[in-house]
Amino acid sequence: INLPSADKICRDLAAAGHALYFPNEEDRDESWLVFDIPTVLNEIYGKLFSHFINNNNSQTKYGLINQHDLYSLVPKYDINLICNLLLNLEFCLNVDKNLLKEVELLVNTTNGAQNEWLFFPSLTKSQKPD
């Protein structure tokens with residue numbers, strides 16, 4: 001029996017709209033195939049909004065969230081899965097931390113924390129006009 005590769009099956013499932021496939025070209029065992037997208041999104045994005053929407057620190061005010069902080073909200077999911085899902089569905093954008101340093105928004109994080117930042121336009125807080 002000549003079966004297609006696992007990668008081809010995953011790509012076909014994603015192309016048909018049955019799943020999201022995030023291949024890891026360097027290590028195929030670290031690839032992700034997400035079937036229950038609404039449940040995963042509901043948990044991740046629900047916790048994200050409920051936690052950060054009422055937070056008044058400078059990062060959250062501008063829609064910036066450190067990946068380490070995001071992971072702490074939903075530790076049962078791999079941080080790479082969370083980021084790939086949110087980035088591929090265009091809920092957020094990667095932010096160059098050098099840019100953050102230039103505009104003095106980056107604050108010290110705990111030792112060992114990832115310094116990867118994501119920008120969530122939907123979390124920005126607009127100022128009311130005078």
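In this predicted model, Asp-29 sits in the loop that links strand S1 (20-22) to strand S2 (32-34). With a relative accessibility of 71%, Asp-29 falls in the exposed class, because that label begins over 50%.

Stepping back to the overall layout, the protein has 6 helices and 5 strands. Followed along the sequence, these elements come in the order α-β-β-α-α-β-α-α-β-α-β. Of the 130 residues in the protein, 32% are buried.

Now to the inside. Nonpolar side chains tend to be buried together in soluble globular proteins. Here, the largest nonpolar core counts 24 residues, and the ones with the most contacts inside this core are Ile-44, Leu-48, Ile-82, Leu-86 and Phe-120. Two or more core residues come from each of helix H2 (37-52), helix H4 (67-73) and helix H5 (79-88). H2 supplies the largest share, with 7 residues.

How exposed is Glu-116? Its relative accessible area is 37%, so Glu-116 counts as partly exposed, a class that spans the range between the under 20% cut-off for buried and the over 50% cut-off for exposed. Although Glu-116 and Asp-96 are 20 residues apart along the chain, their C-alpha atoms are separated by 8.0 Å.

Methods:
Residues are numbered from 1 along each chain as its sequence is written. This is a predicted model: local features need pLDDT of at least 70, side-chain atom pairs count only at pLDDT 80 or more; totals for chains, interfaces and linings use all residues. Side-chain values use heavy atoms; hydrogens and water are left out. Helices (H or I, at least four residues) and strands (E, at least two) are DSSP runs, numbered from the N terminus. Buried means under 20% relative accessible area, exposed over 50%, partly exposed in between (1.4 Å probe, protein chains only). A nonpolar core is a set of buried Ala, Val, Leu, Ile, Met, Phe, Trp, Tyr and Cys residues joined through side-chain atoms within 4.5 Å.
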